[in-house]
2 protein chains.
Amino acid sequence: MSTRYLLLAEGFSGDPHYGKTMRGVLRYRRDDVVAILDSTRAGETEDGAPVVSSVEEALPLGPNTALVGVATQGGRFPPEWIAILRACVEHGLDVENGLHVFLADAAELLELAERRGVELRDLRRPPAELSTATGENLAVDATIVLTVGSDCAIGKMTVSLELDLEARRRGLRSVFVPTGQTGMAIAGWGIAVDAVVADFIAGAAERLVVEGRSRGGELLWVEGQGSLLHPVYSGVTLGLYHGSAPHLLVLCHECGRTEIEGAGGGPHPIPPLPDLVELHERLALPVRPARVAAVALNTSVLGEAEARTAIARAAAETGLPADDPVRFGASKLVDAVLAAAP
Amino acid sequence: MSTRYLLLAEGFSGDPHYGKTMRGVLRYRRDDVVAILDSTRAGETEDGAPVVSSVEEALPLGPNTALVGVATQGGRFPPEWIAILRACVEHGLDVENGLHVFLADAAELLELAERRGVELRDLRRPPAELSTATGENLAVDATIVLTVGSDCAIGKMTVSLELDLEARRRGLRSVFVPTGQTGMAIAGWGIAVDAVVADFIAGAAERLVVEGRSRGGELLWVEGQGSLLHPVYSGVTLGLYHGSAPHLLVLCHECGRTEIEGAGGGPHPIPPLPDLVELHERLALPVRPARVAAVALNTSVLGEAEARTAIARAAAETGLPADDPVRFGASKLVDAVLAAAP
């Protein structure tokens, strides 16, 4: 039976930052979504999907899986959600959750799920027997491309997905490699590398590129996480970088963003793009000297003419091909990656 | 009752790499150690402590706590250790363990410990309610000094401990901040930052500098972990760097080491010291522009004249004060840090 999602986004479905998982699934698995639950926006629609006020209201639409569609910082469950989750389970829906707090650790919910015969899937629960990286990443017989960026939540996953789609349109044996809960919900596999034991970040990334190859990928688009100069998440970023052993990087940036968001104690200014290119290349392992192949801009805050100017400026500043793959198509960036591939 | 350690190092007490915890405790808490268990070296002594072949043989010496003194890569328990751990518990010893695998997760051992009324302390178990960094690290009213290095297991913890001892000898309000299992066994507090959820590395480091200040420290020596260009552990290194928000760094290097050890897929060459200085300063957050204050060399493989030559060369290459604080005292490096402190 195919998945028919009820997206749980109570109170957050209108928030572009906190509704990241919901938005990703709406964009890349729209056909699998039957409704969105957010009582604060009931009666509206989002990408054509109806927003409902309760689990009961969604039932006639035939969902079989509820997906926790919000990601809060630190990953805790808002208390008001417990009642919603109980209602999903009581009505026989499987539940997928991408927060750091696990559904299966809530004893009462787990017991109810067992009684009702539904599954609780914690996307961020690391696989058992994860360990440190071994060097097997360096032997993967594929071109590995990692998205990196100037901040969190600027579109690194989207760029990886768009470039993968374009590569597959061209008939290439291309695979998107999910490293976070939204990517996993979209692609149906992966490891949330931010949720593993810190010593095992690179080990998890290594396992993912090995699996991407075993899924037939000769061109692997690894979903990036965080940012090298993000005060909160930089450790995950560097561990993912070294563990995924990319040949090439695509540097992502959101136009108009000048400071890293969501980190206390700031302001935390974002360096100019050429500095970011140089910094990322400096941090490549000597044994795998990754180069930035292209710049992917998120120009969503700009008008079209301004967007084209911003792209031309980024290309001039960095000397690299640049584009907004969501707005203008992924063709130029895929060309750039293929031209730079070893 | 003060701690009287039996150090468990079966098969590894002679190995300088794997006996790291044992060696650290022998060096900095020698008076608390009554014996070392390693049947392969029974009858010998190590730093004056007798090496015994079994738990039973150690009992007349009056231990009250067994400490797992070896750290294996990936942190798994060698199977033959289970019998030793059972014997410790059966004879009423508390057990401290710094591996990623937790004693308290072994149901049978836990049950036995409860029956015998002894405590199983897993040093690497992260504190509950750990979360992401908040920016509070930047408000800590102390001078924060982090050791960084060209590789793992080259003496970063030892340098932090020696500089702390020297600072305290001078009457400064100085505190060593433990970030790994050996530092924790020595100092009796801390968090093993390599064992926390990856998203929380910086949050754990932040909590540690906040606690170091609340313990009275005006000069905090944060124990470094890993290395920025280590293929396996770099994520922990960068998360600890940004999360501990150091004002100053002490760059540690072991003379004679030209490649990173213990990482597959190599060789992984170590860059020249000036490159490492520049790379570490590049990765400071703009809001907290850390500078390398001094270079600490581990010259243990060199004769004395060669050691002095290597130190002079490192100072000339980097333009920074350099010394081997274990061999020649920590005075010069403490002077350098105090001169550079904000």
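This is a predicted model: local features need pLDDT of at least 70, side-chain atom pairs count only at pLDDT 80 or more; totals for chains, interfaces and linings use all residues.
The crossing in which α7(A) passes α8(A) is right-handed. On the α7(A) side the contact is made by Ile201(A), Ala202(A), Gly203(A), Ala204(A), Ala205(A), Glu206(A), Leu208(A) and Val209(A), while α8(A) contributes Val236(A), Gly239(A), Leu240(A), His242(A), Gly243(A) and Ser244(A). Taken together, the residues of this contact divide into eight nonpolar, five polar and one charged.

Helix α9(A) packs with helix α10(A), which covers residues 304–318, at an angle of about 50°, with the axes 8 Å apart. That angle makes α9(A) oblique to α10(A), and α9(A) passes α10(A) in a right-handed crossing. From α9(A) the contact draws on Leu273(A), Pro274(A) and Val277(A), and from α10(A) on Ala314(A), Glu317(A) and Thr318(A). By residue class, the contact of α9(A) with α10(A) holds four nonpolar residues, one polar and one charged.

The next topic is the division of the chain into domains. Chain A is divided into domain 1, residues 5–122, and domain 2, residues 136–340, and the centres of these two domains, taken over C-alpha atoms, are separated by 28 Å. Where the domains of chain A meet, 13 residues of domain 1 are in contact with nine residues of domain 2. Helix α1 of chain A, residues 20–28, gives the most to the domain 1 side of this contact, with five residues. The residues on that side of domain 1 divide into four nonpolar, six polar and three charged.

From the single chain we turn to the pair. Chain A can be laid on chain B with an RMSD of 0.0 Å by a turn of 180° and a shift of 0.0 Å along the axis, which is the relation of a two-fold axis. The same surface serves both copies, since 100% of the contact residues of chain A recur in chain B. The contact takes 41 residues from chain A and 41 residues from chain B. On chain A, the helices α7 (201–214), α8 (234–244) and α9 (273–282) each supply at least two residues of the side that touches chain B, and the largest share, six residues, comes from α8(A). The side of chain A that touches chain B divides into 22 nonpolar, 16 polar and three charged residues.

Some backbone details remain to be located. The peptide bond from Gly266(A) to Pro267(A) is cis, with omega near 10°, and Pro267(A) lies in the loop between β11 (248–254) and α9 of chain A. In chain B, a cis peptide bond likewise joins Gly266(B) and Pro267(B), with omega about 10°, and Pro267(B) is placed in the loop between β11 (248–254) and α9 (273–282) of that chain. Glu129(A), a residue other than glycine, has a positive phi, near 65°, and its place is in the loop between β7 (120–122) and β8 (143–149) of chain A.

Methods. Residues are numbered from 1 along each chain as its sequence is written. Chains are lettered from A and ligands numbered from 1 in the order in which they are written. Copies are superposed by least squares on the C-alpha atoms of residues with pLDDT of at least 70 in both. Two residues are in contact if their C-beta atoms, placed from the backbone, lie within 7 Å. Helices (H or I, at least four residues) and strands (E, at least two) are DSSP runs, numbered from the N terminus. Ala, Val, Leu, Ile, Met, Phe, Trp, Tyr, Cys and Pro count as nonpolar, Asp, Glu, Lys and Arg as charged, and the others, Gly among them, as polar. Axes are lines fitted to C-alpha atoms, for helices over the stretch in contact, and angles run from 0 to 180 degrees between N-to-C directions. Angles under 35 degrees count as roughly parallel, over 145 as roughly antiparallel, 65 to 115 as roughly perpendicular and the rest as oblique. A crossing is left-handed if the near helix is turned anticlockwise from the far one by less than a right angle, and right-handed if clockwise. Domain bounds come from an automatic or database domain assignment.
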